[in-house]
Amino acid sequence: MKKLFRSALFFLGALSIPAMLSARVSAVSPDFSVSALSAVVINADTGNIVYEKSAFAQRAMASTTKIMTALLTIEAGDLDKKFTVDSYAIQVEGTSMGLSQGDIVTRRALLYGILLPSGNDAANAAAVSVSGSMGKFVELMNKKAEELGLVNTHFANPSGLDAQGHFTTAYDLALLTKTALENHVFAEICRCADAQVEFGNPPYLRRLANSNKMLWQYEGCYGVKTGFTDNARRCLVSAAERKGVKLICVTLNAPDDWEDHRKMLDYGFEQVKRTEVVLPSPVTLPVIGGTADKVPLTLGDRVVLPLSQNELKSVSFKISTEPFLYSGFEAGKKTGSVEIYLDGEFIRKVDLIAAEGVSRSEENLNFPEKLFKFLRQFFLG
């Protein structure tokens, strides 16, 4: 006969789904201001907003565009295959990694050129290498944006130069960065303060320096990308980790972006802590034939998550257990399982166990058990 299970859903706090922004933003009001027209800090583990200022306003993004360009180049593979750069693609204004006509490169070398000195030549060369033309690559960029749910983002070129129909939001850019940092190649390259890269005709080693000052000015920073154009002004995406908490910070059109990011990240680390998740109220299970008629249940493993206090209120549990237990068990007995959700999204499943043991009551002992109990009490006094 199949075992019967009981199931229950417990919430730590109410979650207002229609009010998407209020549900995502930390309840604590910051006591600082930032220069950016648009800004956001998100929890890199959950994607939830910790701080925001006009985070859903569409704005030009400058070279933070190259986060998408680099991600698609990595996903195309063949990173170490050598090829000759497209002569037309590298004829572009703005920042450069120093490519010349006829240069032999690899996609990996171009990635360093894209993410460190923010080379427009590197971005265009990578785009042609991946898709055959910059136009086809832009189609790929917009398709990827749609797949990632970046509903307020549209790309017009691989480099980020000002163009009609080239825009994003601080929030979309943070979500894109979250995805990009989950790729170990991207994460490894964007955290380099400088790198030795080989290209040319014939190829030889060059040193490329990263334009992201946050890497050496802010403790725990491990990326991500700078940007500037006359229209977009100063744009910056940073990521930092402290005590197991990871944050992603974005500013668009920020006259004082370095200081903005220091303030926002400091605030984020004050709000988001590694927190042990516990059951919100006592959970018990009936016991038959025991010295106690019920037993308290607890999680079989510690569950520690990086959460803000607002996120902690949105944690819920789906508990599945047997309808009752027979007595005669010790503490730690598995009694069911718990599924943990954040904002309705599954996080983890852990065992549910008995917090203490329950012996059989005297009238429910059989003869051998009664005899053993008598002899034990006799010899132990």
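Biologist: Hi! What should I know before we start?

Modeller: The model is predicted, so local features need pLDDT of at least 70 and side-chain atom pairs count only at pLDDT 80 or more, while totals for chains, interfaces and linings use all residues. Residues are numbered from 1 along each chain as its sequence is written, and side-chain values use heavy atoms, with hydrogens and water left out.

Biologist: Great. What kind of peptide bond joins asparagine 201 and proline 202?

Modeller: That one is cis, with omega about 0°. Proline 202 sits in the loop between β6 (194-200) and β7 (203-209). Strands here are DSSP runs of E, at least two residues, numbered from the N terminus.

Biologist: And what is omega between glycine 223 and valine 224?

Modeller: About 25°, and this bond is cis too. Valine 224 belongs to strand β8, residues 221-229.

Biologist: Switching to phi: what is the value for arginine 233?

Modeller: Near 65°, which is positive in a residue other than glycine. Arginine 233 lies in strand β9, residues 233-242.

Biologist: Where is lysine 243?

Modeller: Lysine 243 is in the loop between β9 and β10 (245-252). Its phi is positive, about 50°, although lysine 243 is not a glycine.

Biologist: What about its relative accessibility?

Modeller: Lysine 243 has 80%, so it counts as exposed.

How values were computed. Helix = DSSP H or I, 4+ residues; strand = E, 2+ residues; numbered from the N terminus. Buried < 20%, exposed > 50% of the residue type's maximum accessible area, 1.4 Å probe, protein only.
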